[in-house]
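Have the sequence and coordinates handy.

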Amino acid sequence: MIEFQNISKIYNPGTPEAYTALHNISFAVKDEEFVAIMGPSGSGKSTLMHILGCLDTPTSGTYTLDNKDVSTMTDNELAEIRKDKIGFVFQSFNLLPRTTVLRNAMLPLVYAGIAPREREARAIDALHASGLTEEHFSHLSNQLSGGERQRVAIARALVNEPTLILADEPTGNLDSHTSLLVLETLQRLNREHGVTIVLITHESDIAGHAARIIRVRDGIILSDEKNETVRDAATETRLYDDLKRL
Ligand SMILES: Nc1ncnc2c1ncn2[C@@H]1O[C@H](COP(=O)(O)OP(=O)(O)OP(=O)(O)O)[C@@H](O)[C@H]1O
Ligand SMILES: [Mg+2]
């Protein structure tokens, strides 16, 4: 699905402020993988995700997404690819406040020009897949807990039926229990719906839920390994609930 070949990113090239955020990075992600990209602040994670998500282009190197070279595409072509293939989840949920859960989830379909009845049906499916139930649909997004907000944001990322979800610190604003609920949602989407997931985080506890962990630092890949002990968020949530009852 994803192939990065010698990708470099230089901000402000050719100026005194030139800064190389990614140095010759190469890796590939197959369909239906769940990969975490882990590294400290400033290591280049968001830069990497912006390129992966076709929000930005590399300074040099080749990025192939589903056998298409996207590294030299125009902004309009990139926008088409994003709409077709990619769902984004960010640390700040970016929901519209004072707007219902259902409307928030439908929003990308409004922009995509989908008919109202189909919009609603697809938003409802996506909300269910994100672990929300009918009782939430008419709530205003600012009345929800952090974990519920992030699940609405995941539903919104899902309505276009992307094959790839890019999540940049999706649990960054959440406490540990709520983080598990969000990770449980991502793990279920990956296992049951076959969505490829790239999860960006600086926390090893969070990265431990991915099947493969790529460690980055100072714009280079330090290691890229299979995670032999994948944590299961659903099991951890049950344990937490049991402990709370004791
Ligand atoms: N638009 C930009 N212009 C110039 N430098 C930038 C720009 N965006 C990022 N950088 C620099 O590139 C480096 C990598 O930034 P990036 O945002 O990718 O890091 P990160 O790993 O996502 O960090 P964090 O964990 O804090 O989100 C940093 O040193 C940052 O200051
Ligand atoms: Mg970042």
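Strand S1 (residues 2–11) runs antiparallel to S2, and 7 bridges join the two. Strands here are DSSP E runs of at least two residues and helices H or I runs of at least four, numbered from the N terminus; two strands count as paired if DSSP finds at least two bridges between them. Across from isoleucine 2 you'll find valine 29 of S2. This is a predicted model, where local features need pLDDT of at least 70 and side-chain atom pairs 80 or more, while totals for chains, interfaces and linings use all residues. Residues count from 1 along each chain as written, chains are lettered from A and ligands numbered from 1 in written order, and side-chain values use heavy atoms, without hydrogens or water.

Zooming out, 4 strands make an open antiparallel sheet, ordered S2-S1-S4-S5. S2 (19–29) and S5 (68–69) are the edge strands with a single partner each, so one side of each has no neighbour in the sheet. Helix H1 (residues 45–52) packs on this sheet, touching (heavy atoms within 4.5 Å) S1, S2 and strand S4 (60–65), and its direction makes about 125° with that of S1.

Now for a helix pair. The axes of H6 and H7 come within 8 Å and cross at roughly 20°; axes are lines fitted to C-alpha atoms, for helices over the stretch in contact, with angles from 0 to 180 degrees between N-to-C directions. The two are therefore roughly parallel (under 35 degrees).

| Helix | Residues | Contact residues |
|---|---|---|
| H6 | 146–158 | Gly146, Gly147, Gln150, Arg151, Ile154, Leu158 |
| H7 | 176–193 | Thr178, Leu181, Val182, Thr185, Leu186, Leu189 |

Definitions and conventions: Angles under 35 degrees count as roughly parallel, over 145 as roughly antiparallel, 65 to 115 as roughly perpendicular and the rest as oblique.
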